Amino acid sequence: MFNTVILSAAAASLFAACASAICPGYDYGIAQANTGVYQVFDDSCNVIQEVNSQSPCNGGVLDCTSAPNFTGLHLNGVKYDCSPDGNADSCNGHAIQVCCLNKKPQDQKPQDGQKSQDGQKPKDVKKPNRRRNF
């Protein structure tokens with residue numbers, strides 16, 4: 001009986017660790033997987049983007065003062081601000097170095113062929129002038 005309780009408690013804590021966000025309140029986390037390999041993770045520890053470079057700051061995906069001091073992330077045309085967070089966890093055995101957040105999602109313009117998140121036209125689209133000529 002005692003062994004069953006311990007195993008159940010261990011399984012519950014393992015599940016809770018897997019279900020928790022790697023960067024609570026953020027969109028993504030960045031970790032160094034290997035030398036020259038940096039990975040962007042979502043909250044489920046899925047690799048969303050991988051940067052393979054000894055100079056990851058020069059590839060257009062990551063903004064940084066110097067690796068691994070990442071200050072920004074560019075993903076699918078959206079800019080995310082990145083900073084260290086004391087609540088960050090790890091993914092696949094790699095410690096999350098910075099957490100990234102899109103602070104102004106309403107200011108992002110959809111790419112060609114995409115709708116905005118609320119399904120409305122972007123604000124800078126003007127309606128055609130439909131004057132009637134009499």
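This is a predicted model: local features need pLDDT of at least 70, side-chain atom pairs count only at pLDDT 80 or more; totals for chains, interfaces and linings use all residues.
**Entry 1**

Seven of them form an open sheet with antiparallel pairing, and the order I wrote down is β3-β2-β1-β9-β6-β5-β4. The edge strands are β3, residues 47–52, and β4, residues 62–64; each of these pairs on one side only. I also looked up the twist, which averages 25 degrees from one strand to the next.

**Entry 2: the neighbours of β2**

Next I followed β2, which covers residues 37–41. How many bridges does β2 share with β1? I found five bridges between β2 and β1 (residues 28–34), paired in the antiparallel sense. For Gln-32, the bridge partner in β2 is Tyr-38. With β3, strand β2 again runs antiparallel, and five bridges join the two. The hairpin of β2 and β3 has five residues between the strands, and Cys-45 there takes a positive phi near 65 degrees.

**Entry 3: Gln-39**

Is Gln-39 buried or exposed? Its relative accessibility is 11%, and buried means under 20%, so Gln-39 counts as buried. Which residue of β3 stands opposite Gln-39? Glu-50 does. The side chains of Gln-39 and Glu-50 also make a polar contact, at 2.6 Å. I listed the contacts of Gln-39, leaving aside neighbours within four places in sequence: Gly-29, Ile-30, Ala-31, Ala-33, Val-47, Gln-49, Glu-50 and His-94.

**Entry 4: the nonpolar cores**

I turned to the nonpolar residues. In soluble globular proteins, nonpolar side chains tend to be buried together. Here the largest nonpolar core has 16 residues. Those with the most contacts inside this core are Tyr-28, Ile-30, Leu-62, Phe-70, Leu-73, Tyr-80 and Cys-100. Which strands each supply at least two residues of this core? I noted β1, β2, β4, β5 (70–75), β6 (78–83) and β9 (98–101). There is also a second, separate core of eight residues, with Ile-22, Cys-23, Phe-41 and Ile-96 among them.

**Entry 5: Tyr-28**

Last, I looked up what Tyr-28 touches, not counting residues up to four places away in sequence. Its list includes Leu-73, Tyr-80 and Cys-100, which, like Tyr-28, are among the residues with the most contacts inside the largest core. Tyr-28 also touches Cys-23 and Phe-41, and I had noted both of these in the second core.

How values were computed
Residues are numbered from 1 along each chain as its sequence is written. Side-chain values use heavy atoms; hydrogens and water are left out. Helices (H or I, at least four residues) and strands (E, at least two) are DSSP runs, numbered from the N terminus. Buried means under 20% relative accessible area, exposed over 50%, partly exposed in between (1.4 Å probe, protein chains only). A polar contact is a pair of N or O atoms within 3.5 Å; within protein, one must be able to donate a hydrogen and the other to accept it, and residues adjacent in sequence count only if both atoms are side-chain atoms. Contact means heavy atoms within 4.5 Å. Two strands pair if DSSP finds at least two bridges between them. Axes are lines fitted to C-alpha atoms, for helices over the stretch in contact, and angles run from 0 to 180 degrees between N-to-C directions. A nonpolar core is a set of buried Ala, Val, Leu, Ile, Met, Phe, Trp, Tyr and Cys residues joined through side-chain atoms within 4.5 Å.
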